[in-house]
Every structure is written in C-alpha cells, then in structure tokens.
Amino acid sequence: MMTRQESGTQRWESLSADLAGEDERDSVPARKLPDVTEARRLLKKLTPAEHEVFQLLSGGLMPDEIASVRSTTINTVRALVKTGKAKLGVRALYHAVAIVYIARDRAAAA
C-alpha cells in the first residue's frame, strides 16, 4: 500500500515532469512571466476562492488536500483552478502558480 508521502512524491514527480516539458500535452511554447505589478494585476481578477486555491497550490498542497482544507469536493477545486487559469490567461497550472509566486515572493524581497 502506498503511503501518503509516497503518493505526494509521485504526484510531485509528475508535476516536475510537466514543468520540464516532458508532457506532450503541453506543447505550447513557454510564455514570458509577468513582473510583480502585472502579476498583482492578474491576481485581482480572481475570486477570493480561486485566489485561496492558487495560494494553497503554491504552498505545495495537492488538489485533494485543498479540498479537505476547504471542506469542499475535489470537483469544486478543479472548477476553481479551471476558471482561475482562464482569468489569468494561462493554460498550464504551473504558469498560474508561478504568477502567485511572483506576486508574493518577489514583492516580499523588494
């Protein structure tokens, strides 16, 4: 039986493969990441629920864990991610998470 840690590790390895471009579904060329001001402007388009989900994703939680934290279903989390990505104008989840990092981490460093 797979432990929770092993399960999370396997999911992280899958996400890492996506980030490395090893997933043929994401054949879109890398887009230029926004600066801090643009990232903050983009995040203002999100509802509070979408913003919370992306914050939790950027903190390392997986969608099923976010559903548990938010006392909602995995389908609700998936829907929030889908609509949030559309509002941010990105196709890949890691681009959305990168925007959250830029708005949060680079602003804190300034």
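Here is a short chat about a predicted model and the residue Glu-50 in it.

Student: How many helices does the chain have?

Tutor: Happy to start there. Along the sequence, the chain follows the pattern α-α-α-α-α-α. There are zero strands, and the helices come to six.

Student: What share of the 110 residues in the chain is buried?

Tutor: A residue counts as buried when its relative accessible area is under 20%. On that basis, the buried part of the 110 residues is 32%.

Student: Is Glu-50 buried or exposed?

Tutor: Glu-50 is found in helix α3, which spans residues 48–58 and has Val-53, Phe-54 and Leu-57 among its buried residues. The relative accessible area of Glu-50 is 3%. The cut-off for burial is under 20%, so Glu-50 is buried.

Student: Which side chain does the side chain of Glu-50 join in a polar contact of 2.6 Å?

Tutor: Good one to check in your viewer. The Glu-50 side chain also reaches a backbone nitrogen, that of Thr-47, at 2.9 Å. Leaving aside neighbours within four places in sequence, Glu-50 is in contact with Leu-80, Thr-83, Gly-84 and Lys-87. The side-chain partner at 2.6 Å is Thr-83.

Student: Which residue just after α3 takes a positive phi?

Tutor: Follow α3 through residues 48–58, where Ser-58 is one of the buried residues. Just after the helix, a phi of about 105 degrees is found at Gly-60.

How values were computed: Residues are numbered from 1 along each chain as its sequence is written. This is a predicted model: local features need pLDDT of at least 70, side-chain atom pairs count only at pLDDT 80 or more; totals for chains, interfaces and linings use all residues. Side-chain values use heavy atoms; hydrogens and water are left out. Buried means under 20% relative accessible area, exposed over 50%, partly exposed in between (1.4 Å probe, protein chains only). Helices (H or I, at least four residues) and strands (E, at least two) are DSSP runs, numbered from the N terminus. A polar contact is a pair of N or O atoms within 3.5 Å; within protein, one must be able to donate a hydrogen and the other to accept it, and residues adjacent in sequence count only if both atoms are side-chain atoms. Contact means heavy atoms within 4.5 Å.
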